[in-house]
Amino acid sequence: MPDVVFIPNRTYSDSPDDGNTRYESFRTCCEDGSAWSWTCKKTATKNDLYLFWFGGTVKQIAGVGVCKGDVEEQENEGADWSNFPKLWACSFEPLREIRNPVTMDDIKEDPILASWWKSKPF
């Protein structure tokens, strides 16, 4: 049965030194409508709905994507957000940017979202 997955392993920085590469890459993938070989849960299954969170100074759910299945295990070769030795990746299609992202203020102001956030989905 498909699941709804909150994926917090997306970072965003407004530092001019890094060029916001992950966020911009995400937005480019959204324009294409898909992303290939992005990190996912080890237990990801076809049709899981992923909520893509970007942290840093932005703190927002910026997009949604549907897992295509076919999870691939990979060695972690230096991902800056995890020191776990393994990563899992799959494709997402469709992948859509949320035109009005869900911000921390939105989450705090809505009783249901605030309750969900207190459960530490991250």
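**Close-up views of a predicted model**

**View 1. Ser 34 is a buried residue in this predicted model.** The relative accessible area of Ser 34 is 9%, and a residue counts as buried when this value is under 20%. Ser 34 sits in the loop that links helix H1 (21-32) with strand S2 (35-39). Leaving aside residues up to four places away in sequence, Ser 34 touches Cys 29, Phe 92, Glu 93 and Leu 95. The side chains of Ser 34 and Trp 36 form a polar contact of 3.4 Å.

**View 2. Strand S2 pairs with strand S6.** The two strands run antiparallel and are joined by three bridges. Thr 39 has Ala 89 in S6 as its bridge partner.

**View 3. Strand S4 pairs with strand S6.** S4 covers residues 60-67, and its pairing with S6 is antiparallel, with six bridges. Cys 67 has Phe 92 in S6 as its bridge partner. Phe 92 is also among the residues that Ser 34 touches.

**View 4. Strand S5 pairs with strand S6.** S5 covers residues 72-75 and runs antiparallel to S6, with four bridges between them. The bridge partner of Glu 75 is Lys 86 in S6.

**View 5. Helix H3 has a cap at its N-terminal end.** H3 spans residues 111-118, and the capping residue is Asp 110. A side-chain oxygen of Asp 110 lies 3.0 Å from the backbone nitrogen of Ile 112. Just after H3, Lys 120 has a positive phi of about 60 degrees.

How values were computed
Residues numbered from 1 in each chain as written. Predicted model: local features only at pLDDT ≥ 70, side-chain atom pairs only at ≥ 80, totals over all residues. Heavy atoms only, no water. Buried < 20%, exposed > 50% of the residue type's maximum accessible area, 1.4 Å probe, protein only. Polar contact = N/O pair within 3.5 Å; in protein donor to acceptor, adjacent residues only side chain to side chain. Contact = heavy atoms within 4.5 Å. Pairing = 2+ DSSP bridges.
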